[in-house]
Amino acid sequence: MSVSSLTKEQDHIVNCEFENILLINAYAGTGKTSTLVKFCEQRAKYKILYLSYNSAMRVEAESKFKHIKNVSVKTMHSLAYENTNKSIKERLGSLRALDLNPLLNDRDEKEKNFYASSLLSLLRNFCNTNFNLEDFINEVSKNLKDYGLNPRMDTSYILRKLRTLWLEKIPNDKKLLYEHDFYLKDFQLSKPVLDYDFIVVDEAQDINGCVIDIVLNQKAKKVFIGDTYQSIYKFRGARNSLEFLASYPNAKVLYLTQSFRCPESITKEANRYLQLLGAKKEFKGSFKPDKRKNLNEQKAIITRTNAKLFDIAVQNLDKNFF
């Protein structure tokens with residue numbers, strides 16, 4: 001996309017001056033990546049860190065930004081991994097609740113599995129937050145239900161075990177597998193200093209408190225870009241930074257609303273739901289007319305599970321599926 005073909009919204013972002021935090025709410029197909037490429041090209045004399053949400057997105061971003069030598073593309077996990085020692089890397093894997101049973105040998109056998117499962121859930125929850133351990137323990141003590149703990153559970157006991165698990169067992173017990181979110185949490189707690197002038201965070205609606213804290217503690221100017229209405233990872237501790245950071249002092253909020261992908265027939269329907277969700281900006285359709293035929297004959301199928309979707313596909317092998 002040439003500079004002359006940028007929309008007014010894109011041009012505004014590319015040339016935007018901001019003090020500390022820039023939040024970009026970008027609807028689907030609005031040229032988010034091409035806007036960021038131009039944004040970085042415009043700042044060729046600065047060191048820029050581009051943080052992608054996962055490895056697949058990192059590979060794609062690397063191809064888009066490869067001509068801009070001042071941009072480093074990483075995932076937050078890869079950044080933390082670079083600072084993880086070899087002994088930890090050899091233990092990487094997915095921890096099981098069963099693995100925590102030895103830590104709970106002072107518990108009745110009937111309760112042990114229940115407590116182990118709750119302890120592992122609590123540990124993973126901690127790794128997704130911006131809290132240090134003691135602050136997290138205080139938060140859990142005040143809001144048991146928010147952290148999935150049964151009020152009839154011995155709360156002081158499980159919180160003591162959490163402290164022992166994180167401070168003693170996880171770092172030293174080689175029998176326990178070390179999850180990727182553990183070294184990311186370690187990285188956050190170490191208060192890392194990242195030597196960049198700008199940090200661009202993609203898919204910012206799906207990052208968690210741990211990642212937000214790492215980025216906010218940097219001197220660099222921060223750009224968070226994503227779509228508030230595509231946040232789907234709250235069950236994994238994601239916190240919609242586009243909403244959360246909007247109240248921060250000196251946070252500037254800009255939008256990308258002009259879709260290059262969706263025809264007006266789609267955006268018109270989408271706006272009905274965006275309005276119900278309180279969207280501040282209307283989603284604008286593509287300027288190109290929709291030339292597809294037989295639109296009224298097309299159907300979208302939504303299921304709760306992939307298995308059910310597969311069953312429907314098998315039952316309709318004579319039809320075209322996309």
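**Close-up 1. Asn271 and the residues it touches in the predicted model**. Leaving aside residues up to four places away in sequence, Asn271 touches Glu282 and Phe283. Asn271 itself sits in helix α12, which covers residues 264-276. Its relative accessible area is 15%. Buried means under 20%, so Asn271 counts as buried.

**Close-up 2. Helix α6 crossing helix α9**. Helix α6 covers residues 109-128. Its axis and that of α9 come within 9 Å. They cross at roughly 45 degrees, so the two helices are oblique to each other. The crossing of α6 and α9 is left-handed. On the α6 side, the contact is made by Leu123, Phe126, Cys127 and Asn128. On the α9 side, Asp181, Phe182, Lys185 and Leu189 take part. By class, this contact between α6 and α9 has 5 nonpolar, 1 polar and 2 charged residues.

**Close-up 3. Helix α9 crossing helix α10**. Helix α9 runs over residues 180-189, and helix α10 over residues 209-216. The axes of α9 and α10 come within 9 Å and cross at roughly 35 degrees. This crossing of α9 and α10 is left-handed. From α9, Leu184, Lys185, Phe187 and Gln188 make the contact. From α10, the residues are Cys210, Val211, Asp213 and Ile214. Sorted by class, the contact of α9 with α10 has 5 nonpolar, 1 polar and 2 charged residues.

**Close-up 4. Lys185 of helix α9**. Lys185 is one of the α9 residues in the contact with α10. Lys185 is also among the α9 residues in the contact with α6.

How values were computed. Residues numbered from 1 in each chain as written. Predicted model: local features only at pLDDT ≥ 70, side-chain atom pairs only at ≥ 80, totals over all residues. Heavy atoms only, no water. Axes fitted to C-alpha atoms, helices over the stretch in contact; angles between N-to-C directions. Helix = DSSP H or I, 4+ residues; strand = E, 2+ residues; numbered from the N terminus. Left-handed = near helix turned anticlockwise from the far one by under 90°. Contact = heavy atoms within 4.5 Å. Nonpolar A, V, L, I, M, F, W, Y, C, P; charged D, E, K, R; others polar. Buried < 20%, exposed > 50% of the residue type's maximum accessible area, 1.4 Å probe, protein only. Parallel < 35°, antiparallel > 145°, perpendicular 65-115°, else oblique.
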